[in-house]
Amino acid sequence: MTTTAPTFDTSNSLTDHDNPTTNRLRVVFAGTPEFAAISLESLIKQQEALNIEIVAVYTQPDRKAGRGQKLSASAVKEVALANDIAVEQPVTFKKSSAEGLAARQTLRTYQPDVMIVAAYGLILPIGVLETPTHGCLNIHASLLPRWRGAAPIHRALLAGDDETGITIMQMDKGLDTGDMLYKVSESIASDDTAASLHDKMAALGATAISTVLKDLAAYQAQAIAQDNSQANYAEKLVKTEGEVDWSQPAAAIERQIRGLTPWPGAYTFLAGQRVKVLASLPVNTSQQTNEPAGTVISVGRKAILVACGKESDAESSATTLAITHLQFAGGKPMTAEQVCHGNQLNDGDQFTSETK
């Protein structure tokens with residue numbers, strides 16, 4: 001599927017490609033969500049400074065979204081159309097299908113010097129990776145080889161990593177296995193959620209790809225191979241990962257809450273009803289308990305204290321988690337103080353990890 005911007009002219013673009021007076025790097029950008037849109041916007045603004053021309057944007061086909069299930073354009077498509085850039089939305093690049101062959105041919109007509117890929121969501125076969133003169137560069141939200149795969153931001157938080165970052169990678173046929181051109185790190189704050197860290201990584205990714213494009217030949221010449229023995233796989237998130245297992249240590253549950261905010265969100269059950277656990281305080285290791293895991297120790301104005309599991313078998317007491325925000329089934333998000341003034345939760349109540 002192609003959405004052609006009003007002012008796009010393929011013949012003029014191809015003429016520019018052969019004109020030594022312009023000599024701009026012809027860029028095709030491929031991405032779908034907001035993470036990618038941030039980089040695209042940045043590159044569009046810097047085309048003259050970076051001596052590039054974004055000749056086309058590739059993104060996922062429009063999807064149904066919202067209660068009305070209306071077709072919705074991706075964040076990347078919206079940016080491209082707002083800037084009069086041609087948009088391509090193929091469903092596949094596989095050469096075994098007519099659609100895939102057509103998509104490959106369309107890509108070739110843009111005569112790309114380089115393809116920038118950021119959270120595109122479509123597999124690029126080797127034939128596509130080799131189409132641009134300088135190949136395809138990926139903006140990946142982790143310090144490769146750590147956290148290859150679909151959910152690097154969330155997995156870094158869930159694992160309790162102290163830092164993460166952006167890697168600009170030369171794509172190959174493997175999953176995030178290509179040589180690394182540039183890496184930049186970012187500390188993970190104790191209150192970072194997947195949402196806040198996403199925004200940091202999106203901004204960092206935009207800066208990183210601009211840095212590489214300023215001297216692409218030099219960065220490619222100094223590319224470093226990844227150490228596969230140090231690789232970790234960041235699996236795609238599923239909704240069931242949000243269910244809290246109160247037998248886990250409080251630190252792990254606190255990371256789960258932050259790492260799954262806003263989606264899929266952490267949740268538990270109270271008397272068979274789902275309760276969303278929206279936020280908590282950093283774990284206080286001095287607050288321990290002998291109550292069973294999942295027991296509501298106290299419902300206070302500042303926090304709701306809940307018993308969790310032990311840090312290790314050697315510990316005599318278990319850890320606790322201080323929850324600051326909850327949302328009961330059918331209700332609105334509530335602070336601990338609002339919960340304290342209500343009657344939906346009391347000292348001694350039991351959160352469970354499955355419906356009873």
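Reader: Let's start with pockets: what volume does the largest pocket have?
Author: This is a predicted model, and in it the largest pocket has a volume of about 1400 Å³. Of the 38 residues lining that pocket, those closest to its centre are Pro 33, Ala 119, Tyr 120, Gly 121 and Ala 150.

Reader: Which helices and strands supply at least two residues each of its lining?
Author: Helix H2 (34-45), strand S7 (114-118) and strand S8 (136-140) are among them, and helices H7 and H8 also supply at least two residues each.

Reader: And how does the lining of the largest pocket divide into nonpolar, polar and charged residues?
Author: The lining of the largest pocket divides into 24 nonpolar, nine polar and five charged residues.

Reader: What about the second largest pocket, which residues are closest to its centre?
Author: Of the 14 residues that line the second largest pocket, the closest to its centre are Pro 262, Pro 264, Gly 265, Ala 266 and Lys 276, and the volume of this pocket is about 260 Å³.

Reader: Which strand gives the most to that lining?
Author: Strand S14 gives the most, with four residues, while S13 and S14 each supply at least two. By residue type, the lining of the second largest pocket has nine nonpolar, two polar and three charged residues.

Reader: Switching to helices, is H10 mostly covered or mostly uncovered?
Author: Helix H10, which spans residues 250-259, is mostly covered, with seven of its 10 residues buried. The buried ones are Ala 250, Ile 253, Glu 254, Gln 256, Ile 257, Arg 258 and Gly 259.

Reader: New topic: how many aromatic pairs does a search of the whole structure find?
Author: The search finds four aromatic pairs. One of them is formed by Tyr 182 and Tyr 219, which are edge-to-face, at 5.7 Å centre to centre and with 80 degrees between the planes. Tyr 182 lies in strand S11 (residues 180-187) and Tyr 219 in helix H9 (residues 216-221), so this pair ties together parts that are 37 residues apart in sequence.

Reader: Why does Tyr 182 count as partly exposed?
Author: Tyr 182 counts as partly exposed because its relative accessibility is 24%, and buried would require a value under 20%. Tyr 219, at 22% relative accessibility, also counts as partly exposed.

Reader: Which parts does the pair of Trp 246 and Phe 351 tie together?
Author: Trp 246 and Phe 351 form a stacked pair, at 5.7 Å centre to centre and with 15 degrees between the planes. Trp 246 lies in the loop between strand S12 (233-234) and H10, whereas Phe 351 lies in strand S20 (residues 351-352), so the pair ties together parts that are 105 residues apart in sequence. Trp 246 is buried, with a relative accessible area of 3%, and Phe 351 counts as buried at 2% relative accessibility.

Reader: One last thing, where does pLDDT stay under 50?
Author: It stays under 50 over residues 1-21, for which the model has 32 contacts beyond four places in sequence. The protein as a whole averages a pLDDT of 93, and 93% of the residues score at least 70.

Conventions. Residues are numbered from 1 along each chain as its sequence is written. This is a predicted model: local features need pLDDT of at least 70, side-chain atom pairs count only at pLDDT 80 or more; totals for chains, interfaces and linings use all residues. Side-chain values use heavy atoms; hydrogens and water are left out. Buried means under 20% relative accessible area, exposed over 50%, partly exposed in between (1.4 Å probe, protein chains only). pLDDT is the predictor's confidence in each residue, from 0 to 100. Contact means heavy atoms within 4.5 Å. On a 1 Å grid over the protein atoms alone, a cavity is a set of points where a 1.4 Å probe fits but cannot get out, and a pocket is an open set with protein on both sides within 12 Å along at least five of seven lines; lining residues have an atom within 4 Å of a point. Grid points are joined across faces, edges and corners, and a volume is the space filled by probe spheres set on the points. Ala, Val, Leu, Ile, Met, Phe, Trp, Tyr, Cys and Pro count as nonpolar, Asp, Glu, Lys and Arg as charged, and the others, Gly among them, as polar. Rings of Phe, Tyr and Trp (its six-membered ring) pair if their centres lie within 6.5 Å; planes under 30 degrees apart count as stacked, over 60 as edge-to-face and the rest as tilted.
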